[in-house]
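Hi everyone, thanks for making the time. Have a look at the model on the screen, and I'll talk you through it.

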Amino acid sequence: MKLLTSVFLIVTSGDLLYLYYTGVWYDVWWIEMIEVVCLYGFIALGLVSLWRWIKMAKIRVCIGFGKFTGKCENIAGTKWSPHWCERCNKLRLEHLSKRFQEIVSKFKQWAIK
Ligand SMILES: [Zn+2]
(Lines give C-alpha, C1' and ligand atoms only; values in the text may rest on other atoms or scores of the structure.)
Protein backbone atom coordinates (compact mmCIF):
# COMPACT_ATOMS: atom_id res chain seq x y z
CA MET A 1 0.00 0.00 0.00
CA LYS A 2 2.81 2.36 0.92
CA LEU A 3 4.51 1.45 -2.36
CA LEU A 4 1.33 2.19 -4.35
CA THR A 5 0.83 5.55 -2.62
CA SER A 6 4.38 6.73 -3.30
CA VAL A 7 4.29 5.61 -6.94
CA PHE A 8 0.90 7.33 -7.36
CA LEU A 9 2.26 10.58 -5.85
CA ILE A 10 5.30 10.62 -8.13
CA VAL A 11 3.41 9.76 -11.32
CA THR A 12 0.48 12.15 -10.72
CA SER A 13 2.68 15.07 -9.67
CA GLY A 14 5.04 14.47 -12.56
CA ASP A 15 2.14 14.38 -14.99
CA LEU A 16 0.63 17.63 -13.63
CA LEU A 17 4.03 19.36 -13.83
CA TYR A 18 4.38 18.14 -17.41
CA LEU A 19 0.95 19.62 -18.21
CA TYR A 20 2.01 22.90 -16.56
CA TYR A 21 5.23 23.18 -18.58
CA THR A 22 3.49 22.30 -21.85
CA GLY A 23 1.06 25.15 -21.13
CA VAL A 24 -2.20 23.26 -20.68
CA TRP A 25 -3.12 25.10 -17.50
CA TYR A 26 -2.46 28.75 -16.72
CA ASP A 27 -4.46 30.91 -14.31
CA VAL A 28 -3.44 33.31 -11.52
CA TRP A 29 0.38 33.25 -11.39
CA TRP A 30 0.78 33.06 -7.59
CA ILE A 31 -1.68 30.17 -7.31
CA GLU A 32 0.29 28.39 -10.03
CA MET A 33 3.54 28.98 -8.18
CA ILE A 34 2.08 27.46 -5.00
CA GLU A 35 0.77 24.49 -6.99
CA VAL A 36 4.12 23.91 -8.71
CA VAL A 37 5.96 24.07 -5.37
CA CYS A 38 3.44 21.61 -3.86
CA LEU A 39 3.85 19.24 -6.80
CA TYR A 40 7.64 19.23 -6.39
CA GLY A 41 7.04 18.59 -2.69
CA PHE A 42 4.77 15.65 -3.49
CA ILE A 43 7.41 14.18 -5.81
CA ALA A 44 10.04 14.54 -3.06
CA LEU A 45 7.65 12.97 -0.53
CA GLY A 46 6.90 10.10 -2.90
CA LEU A 47 10.59 9.49 -3.54
CA VAL A 48 11.37 9.51 0.19
CA SER A 49 8.62 7.01 1.03
CA LEU A 50 9.59 4.87 -1.96
CA TRP A 51 13.18 4.85 -0.67
CA ARG A 52 11.94 3.88 2.81
CA TRP A 53 9.80 1.10 1.34
CA ILE A 54 12.82 -0.32 -0.56
CA LYS A 55 14.92 -0.18 2.61
CA MET A 56 12.20 -1.89 4.68
CA ALA A 57 11.67 -4.57 2.03
CA LYS A 58 15.34 -5.54 2.33
CA ILE A 59 15.30 -5.75 6.13
CA ARG A 60 13.21 -8.59 7.48
CA VAL A 61 11.55 -8.28 10.87
CA CYS A 62 11.33 -11.27 13.19
CA ILE A 63 8.01 -13.20 13.15
CA GLY A 64 8.17 -13.95 16.89
CA PHE A 65 6.50 -12.19 19.80
CA GLY A 66 8.01 -9.30 21.75
CA LYS A 67 9.74 -9.60 25.12
CA PHE A 68 6.67 -8.47 27.06
CA THR A 69 3.73 -7.97 24.68
CA GLY A 70 2.99 -7.58 20.98
CA LYS A 71 5.11 -8.47 18.02
CA CYS A 72 8.90 -8.80 18.12
CA GLU A 73 10.61 -5.90 16.35
CA ASN A 74 14.11 -7.33 16.10
CA ILE A 75 15.74 -7.88 12.73
CA ALA A 76 15.34 -11.49 11.62
CA GLY A 77 18.01 -13.85 10.36
CA THR A 78 20.05 -16.43 12.26
CA LYS A 79 22.15 -19.42 11.27
CA TRP A 80 19.05 -21.57 11.83
CA SER A 81 16.30 -19.59 10.18
CA PRO A 82 15.82 -16.36 8.20
CA HIS A 83 12.46 -15.68 9.89
CA TRP A 84 13.48 -15.42 13.57
CA CYS A 85 15.79 -13.15 15.53
CA GLU A 86 18.49 -14.53 17.84
CA ARG A 87 16.37 -14.16 21.02
CA CYS A 88 13.12 -15.63 19.63
CA ASN A 89 14.99 -18.50 17.98
CA LYS A 90 16.57 -19.39 21.34
CA LEU A 91 13.15 -19.29 23.05
CA ARG A 92 11.64 -21.36 20.26
CA LEU A 93 14.34 -24.04 20.45
CA GLU A 94 14.06 -24.16 24.26
CA HIS A 95 10.30 -24.63 23.96
CA LEU A 96 10.75 -27.34 21.32
CA SER A 97 13.32 -29.30 23.35
CA LYS A 98 11.02 -29.08 26.41
CA ARG A 99 8.21 -30.58 24.33
CA PHE A 100 10.50 -33.36 23.09
CA GLN A 101 11.61 -34.13 26.65
CA GLU A 102 7.95 -34.41 27.68
CA ILE A 103 7.33 -36.82 24.82
CA VAL A 104 10.40 -38.86 25.70
CA SER A 105 9.47 -39.08 29.38
CA LYS A 106 5.90 -40.11 28.48
CA PHE A 107 7.29 -42.73 26.15
CA LYS A 108 9.60 -44.03 28.91
CA GLN A 109 6.66 -44.28 31.33
CA TRP A 110 4.70 -46.13 28.68
CA ALA A 111 7.63 -48.48 27.90
CA ILE A 112 8.16 -49.37 31.58
CA LYS A 113 4.52 -50.44 32.04
ZN1 LIG B 1 12.28 -11.91 17.63
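Confidence in the chain is lowest in helix 1 (residues 2–21), with a mean of 85, and highest in helix 3 (residues 86–112), at 92. The score here is pLDDT, the predictor's confidence in each residue, from 0 to 100. Its mean over the chain is 86, and 98% of the residues reach 70 or more. This is a predicted model, where local features need pLDDT of at least 70 and side-chain atom pairs count only at 80 or more, while totals for chains, interfaces and linings use all residues. Residues are numbered from 1 along each chain as its sequence is written.

Now the fold. The chain has three helices and zero strands, so to be clear on terms, helices (H or I, at least four residues) and strands (E, at least two) are DSSP runs, numbered from the N terminus. Along the sequence, that gives the pattern α-α-α.

What about the overall dimensions? The C-alpha atoms fill a box of roughly 95 × 20 × 20 Å along the principal axes. The radius of gyration is 27 Å, whereas a compact globule of 113 residues would have one near 13 Å. That radius is taken over C-alpha atoms, and the globule rule is 2.2 Å times the number of residues to the power 0.38.

The chain is divided into domain 1 (2–57) and domain 2 (66–112), with bounds that come from an automatic or database domain assignment. Their C-alpha centres lie 48 Å apart.

How much of the chain is buried? Buried residues make up 7% of the 113. Buried means 20 or more other C-beta atoms within 10 Å of the residue's own, exposed means 12 or fewer, and partly exposed is in between, with C-beta atoms placed from the backbone.

Let's move on to helix 2. Helix 2 (residues 29–58) has 30 residues and reaches 44 Å from its first C-alpha to its last, close to the 44 Å expected at 1.5 Å a residue; the expected span is 1.5 Å times one less than the number of residues. Helix 2 is hardly covered, with a count of one buried residue among its 30.

Why does Leu50 count as partly exposed? Because it has 17 C-beta neighbours inside 10 Å. Leaving aside neighbours within four places in sequence, Leu50 is in contact with Ser6 and Val7, contact meaning C-beta atoms, placed from the backbone, within 7 Å. The C-alpha atoms of Leu50 and Lys2 are separated by 7.8 Å, although these residues are 48 apart along the chain.

Key. Two residues are in contact if their C-beta atoms, placed from the backbone, lie within 7 Å.
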